[in-house]
Amino acid sequence: MSLFGIFDIAGSAMSAQTVRLNTTASNLANADNLSGSEAEAYRARHPVFSTFRDALDNSTAGVKVDGIVESQAPVQREYQPDNPLADAEGYVYRPNVDVVSEMADMISASRSYQNNVEVVNTSKQLLLNVLRLGQ
């Protein structure tokens, strides 16, 4: 693997963390949305990551997003007979988003993104220092 492979790895990790931040933001944006049925209720989404390495030349590696899965946690049912979205029994359904864990996930993704930016900056500085050795 060349020294430039570090940029590919850190770049793929930053892309993956961007997907993680976007899904967390979507979950937080929909945390208070009510719906009239359990099937229509918003369900929290989470990205699934995996690592990869090119088997042919071993020069390409990184992180990829395999997909985004919906949480299987049950949605919350709440009795609000005056709500216009209430079903025939007077219940509305809240998303299964845990705001506290989403905020913790957002902080974790942000820190991971920042760490990869630091890897890119440090690698760039090291490569520039190597180029200056010949001067």
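1. Contacts along the chain. In this predicted model, 60% of the contacts between residues at least 6 apart in sequence join residues at least 24 apart. Contact here means heavy atoms within 4.5 Å.

2. Ground rules. Local features need pLDDT of at least 70 and side-chain atom pairs count only at pLDDT 80 or more, while totals for chains, interfaces and linings use all residues. Residues are numbered from 1 along each chain as its sequence is written, and side-chain values use heavy atoms, with hydrogens and water left out.

3. Layout. The protein chain has two helices and four strands, running α-β-β-β-β-α from the N terminus on. The radius of gyration is 22 Å, well over the 14 Å that the globule rule gives for 135 residues, so the chain is more spread out than a compact globule. (That radius is taken over C-alpha atoms, and the rule is 2.2 Å times the number of residues to the power 0.38.) Along its principal axes, the C-alpha trace spans about 80 × 30 × 15 Å. As for the element labels, helices (H or I, at least four residues) and strands (E, at least two) are DSSP runs, numbered from the N terminus.

4. Surface. Buried residues make up 27% of the 135. The classes are buried under 20% relative accessible area, exposed over 50%, and partly exposed in between (1.4 Å probe, protein chains only).

5. The structure holds one aromatic pair. Tyr-79 and Tyr-91 form it, edge-to-face, at 5.3 Å centre to centre with 65° between the planes. Tyr-79 sits in strand β3 (residues 76–79) and Tyr-91 in strand β4 (residues 91–94), so the pair ties together parts 12 residues apart in sequence. For the cut-offs, rings of Phe, Tyr and Trp (its six-membered ring) pair if their centres lie within 6.5 Å; planes under 30 degrees apart count as stacked, over 60 as edge-to-face and the rest as tilted. Tyr-79 is exposed at 52% relative accessibility, and Tyr-91 is partly exposed at 21%.

6. Arg-77 lies over the face of Tyr-91, 3.8 Å from the ring centre. The test wants NZ of Lys or CZ of Arg within 6 Å of the ring centre and within 35 degrees of the ring normal.

7. Arg-43. This one is in the loop between α1 and β1 (45–53). Leaving aside residues up to four places away in sequence, Arg-43 touches Asn-27, Glu-38, Glu-70, Ser-71, Ala-73, Val-75 and Asn-96. Its side chain reaches the backbone oxygen of Glu-38 at 3.3 Å. Ala-31 is 12 residues from Arg-43 in sequence and 9.1 Å away, C-alpha to C-alpha.

8. The two helices. Gly-5 belongs to helix α1 (residues 5–29) and is buried at 4% relative accessibility; its C-alpha is 7.5 Å from that of Ala-61, 56 residues apart along the chain. Arg-132 belongs to helix α2 (residues 99–132) and is partly exposed at 45%. The side chain of Arg-132 makes a polar contact with the side chain of Asn-129 at 3.1 Å. (That means a pair of N or O atoms within 3.5 Å; within protein, one must be able to donate a hydrogen and the other to accept it, and residues adjacent in sequence count only if both atoms are side-chain atoms.)
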